[in-house]
Amino acid sequence: MKFADFLLEAPLPDNWDKDKFKGRLDFKGMVEYALERSKSLGEGSSRVAFNIEYKGRETALKIAKNPKGVAQNVQEILYLNDEKIKKLNITIPLIDYDTTNHKARWLHTEKADKIHDAYFEEELGLPLRDAILYINRDINPPKLSIGSKLQAERGEKLKKDSPIVKAIYKLLTDFPEIGYGDLARIQNWGMYKGRPVILDIGYDSTSAVLYKLAK
């Protein structure tokens, strides 16, 4: 589906000029036009997420602000379409993405509700950040023993039989290029249909390389 077709199909307000999206707007033009007419869900250094009503439900549309955002989109689409990752059931479902441009300037996903660290403390035995740091260090033990006491303390509290913990272990083991630091941020998670999901999985070592090549 083209970005223009998506906009034409969605129940947009009457004041949207749909012809604006039939061509190829630059990054600034796409973002500014959407910002004027839809609610922003959040903005980072490379992408802006918008709340878009689609087929009677609220969804999220991420638009790249620059080449870095495009690189993140490209990698995130690969991850969200990966069958091994889908089976883990901890990523937000992908609805559609830009196939008009050579590299995706936007992607469209389901929308998740806000999640709080109290949920992770209950389900994982630790706050999200502590759990991710422990899991990453357990998978990739450091050469030096600095912080080993804290690691041991976190290990005693972590609920290793939790399905979420097992899924994160599997994700970081099978896809070591994924930035664990981003996974440790509560802002990158949400609650979708009663389960925690990763909302932003696009920035990793691969996308960083793609961005550098595009500069």
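This is a short talk through one predicted protein model, from the overall picture down to a few residues.

Okay, quick ground rules. The model is predicted, so local features need pLDDT of at least 70, side-chain atom pairs count only at pLDDT 80 or more, and totals for chains, interfaces and linings use all residues. Residues are numbered from 1 along each chain as its sequence is written, and side-chain values use heavy atoms, with hydrogens and water left out.

Let's start with the whole thing. We have 10 helices and seven strands; these are DSSP runs numbered from the N terminus, H or I over at least four residues for helices, E over at least two for strands. Of the 215 residues, 44% are buried. Buried here is under 20% relative accessible area, exposed is over 50%, and partly exposed is in between, with a 1.4 Å probe and protein chains only. The exposed surface comes to about 11600 Å², and carbon and sulfur atoms supply 50% of that. Those areas come from the Shrake-Rupley method with a 1.4 Å probe, and for residues only the protein chains shown count as cover. And if you take contacts with a separation of 6 or more, residues 24 or more positions apart account for 59% of them. Contact means heavy atoms within 4.5 Å.

Now the strands. β1, residues 39-43, runs antiparallel to β2, with four bridges joining them. Two strands pair, by the way, if DSSP finds at least two bridges between them. How enclosed is strand β2? Seven of its eight residues, 47-54, are buried, so the rest of the structure largely encloses it.

While we're here, look at Lys62, which lies in β3, residues 57-64. Is Lys62 buried or exposed? Its relative accessibility is 11%, so Lys62 counts as buried. What does the side chain do with its polar atom? One polar atom of the Lys62 side chain lies 2.6 Å from the backbone oxygen of Leu199. Beyond four places in sequence, Lys62 has contacts that include Arg47, Val48 and Ala49, as well as Glu76, Trp106 and Asp200.

Compare that with another lysine, Lys159, in the loop between α7 and α8. Lys159 is partly exposed, at 38% relative accessible area. Here the backbone oxygen of Glu122 lies 2.6 Å from a polar atom of the Lys159 side chain. The C-alpha atoms of Lys159 and Glu122 are 9.4 Å apart, although 37 residues separate the two along the chain. Leaving out residues up to four places away, Lys159 touches Glu122, Glu123, Leu124, Gly125 and Val165.

Next, helix α6, residues 128-139. Its 12 residues reach 17 Å from first C-alpha to last, close to the expected 16 Å; the expected span is 1.5 Å times one less than the number of residues. Buried in α6 are Leu128, Asp130, Ala131, Ile132, Tyr134, Ile135 and Asn136. The cover over those buried residues includes α5, α7, α8, α9 and β6.

Last stop, the aromatics. There are three aromatic pairs, meaning rings of Phe, Tyr or Trp (its six-membered ring) with centres within 6.5 Å; planes under 30 degrees apart are stacked, over 60 edge-to-face, the rest tilted. Tyr79 and Phe175 are edge-to-face, 6.0 Å centre to centre with 90 degrees between the planes. Tyr79 is in helix α3 and Phe175 in the loop between α8 and α9, so this pair ties together parts 96 residues apart in sequence. Both Tyr79 and Phe175 are buried. Then there's Phe120 with Trp189: centres 5.4 Å apart and planes at 80 degrees, so edge-to-face as well. That pair links helix α5 to strand β6, across 69 residues. Phe120 is buried at 0% relative accessible area, and Trp189 is buried at 3%. Finally, ring pairs join Tyr119, Phe120 and Trp189 into a cluster.

That's the tour, thanks.

Conventions: Polar contact = N/O pair within 3.5 Å; in protein donor to acceptor, adjacent residues only side chain to side chain.
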